Amino acid sequence: MNTIHNIGVFTSGGDAPGMNACIRAVVRTALFEGKRVTGIHQGYQGMLDANFTEMNSRSVSNIIQKGGTILKTARCLEFKTPEGRALAYQNIKNAGIDGLVAIGGDGTFTGADYFSKEYDIPVICVPGTIDNDLYGSDYTLGYDTATNTVIDAIDKIRDTAASHGRLFFIEVMGRDSGCIALNAGIAGGAEAIMLPEKETAIDDLIELLEKAAFKQKTSTIVIVAEGEKNGGAYNVANRVKEKFDYYDTKVSILGHLQRGGSPSSFDRVLASRMGYAAVKCLLAGDTRMTVGLRGNEIKTTSLEEALHNKEFKLSKDMLEISHIMAI
Ligand code: F6P
């Protein structure tokens, strides 16, 4: 078993609320265990640029409540090349880093997979993305906060929709996952939710909107997940308007406001649990593992399994609930 002396921690890919709380947990757990911690700035890019800082307990003071990531992040193309990874390895070896905690999404996990197969460096991954699209954890870091941010936006838009008797199409993030759309849609009382996982025909949507109008609904909100297959909220709105022009129709793309903000208490606690578990795994000699929440327990999943499995996280019940509640 490798004895680890210096843990490198980094965040990569899209920022997510809770990443700072997780960095804090990694740093403080490692220090508690008598290890050194090096912060790697800008994810894989920081490995290429040797952009490293030694961290202590005060480096992570007053960050648990902050959105974004104090270590910064990037989507790094050069790390996808063997030459890039060779330079990254050289730099982290020169810095004396002998174990890594990678916090991020699918792209981060893929980078960690290549790196730890090619080089002798133990890596533990923490799922950090608002999309909730990773196998091995019921929830990813940032998803709960982002969903609450979306609900807040839906509530506000509902005020305007109801005051003017309008139809709103609200586009939400999530890449190919409909988790934010479905959960925020149910919590925000949406009349329809369009998901990547379940195609909605425009004619079916129109039929639903006609029924809502017939029932004298004074406002109507349709949540459009960015990954759904009709080409986004503007396209959907235009196609609906061609056949159904009953309402004054508006489109709202929520965009990057969904990624920022102070993490919810759920994300702060999850981040603390996952960061702690990641360090414990590294020190126990594990590598190429991900940590995740299953039920209410922190479990590990191999990186291989996490990357090669897709999980349908939308339950049948939730899909049915979204229909029944919209009537
Ligand atoms: O993965 C998080 C996410 O916010 C997705 O929901 C979205 O598709 C994507 O990142 C946007 O990426 P960027 O900030 O690079 O435009």
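**Close-up 1. Helices α7 and α8 cross in a right-handed sense.** Here a crossing counts as left-handed if the near helix is turned anticlockwise from the far one by less than a right angle, and as right-handed if clockwise. This is a predicted model, so local features need pLDDT of at least 70 and side-chain atom pairs count only at pLDDT 80 or more, while totals for chains, interfaces and linings use all residues. Residues are numbered from 1 along each chain as its sequence is written, and side-chain values use heavy atoms, with hydrogens and water left out. Helices (H or I, at least four residues) and strands (E, at least two) are DSSP runs, numbered from the N terminus. Two packed helices are described by the angle between their axes and the distance between the axes. For α7 (residues 202-214) and α8 (residues 233-243), those values are about 65° and 10 Å. The axes are lines fitted to C-alpha atoms, for helices over the stretch in contact, and angles run from 0 to 180 degrees between N-to-C directions.

**Close-up 2. Side chains where α7 meets α8.** From α7 come I202, D203, L205, I206 and L209, and they meet V236, R239, V240 and K243 of α8; contact means heavy atoms within 4.5 Å. Sorted by type, the residues of this contact are 6 nonpolar, no polar and 3 charged. Nonpolar covers Ala, Val, Leu, Ile, Met, Phe, Trp, Tyr, Cys and Pro, charged covers Asp, Glu, Lys and Arg, and the others, Gly among them, are polar.

**Close-up 3. Helix α4, residues 106-118.** With 13 residues at 1.5 Å a residue, α4 should span 18 Å, and its end C-alpha atoms sit 19 Å apart, which agrees. The expected span is 1.5 Å times one less than the number of residues. Look for T108, F109, G111, A112, D113, F115 and S116, which are buried. Buried means under 20% relative accessible area, exposed over 50%, and partly exposed in between (1.4 Å probe, protein chains only).

**Close-up 4. I4, in the segment before β1 (6-11).** Skipping neighbours within four places in sequence, I4 is in contact with K35, D98, G99, P122, L282 and L283. I4 and I97 are 93 residues apart in sequence, but their C-alpha atoms are 8.5 Å apart in space.

**Close-up 5. R166 in strand β6 (residues 166-172).** R166 is a buried arginine, at 15% relative accessibility. Beyond its neighbours within four places in sequence, the contacts of R166 include T160, A161, T218, Y247 and D248.

**Close-up 6. S252 in strand β9 (residues 248-253).** This serine counts as buried at 17% relative accessibility. Not counting residues up to four places away in sequence, S252 touches I157, F169, I170 and E171.

**Close-up 7. Q90 in helix α3 (residues 82-94).** Q90 is partly exposed, with a relative accessible area of 43%. Q90 and L48 are 42 residues apart in sequence, and 8.9 Å apart C-alpha to C-alpha.
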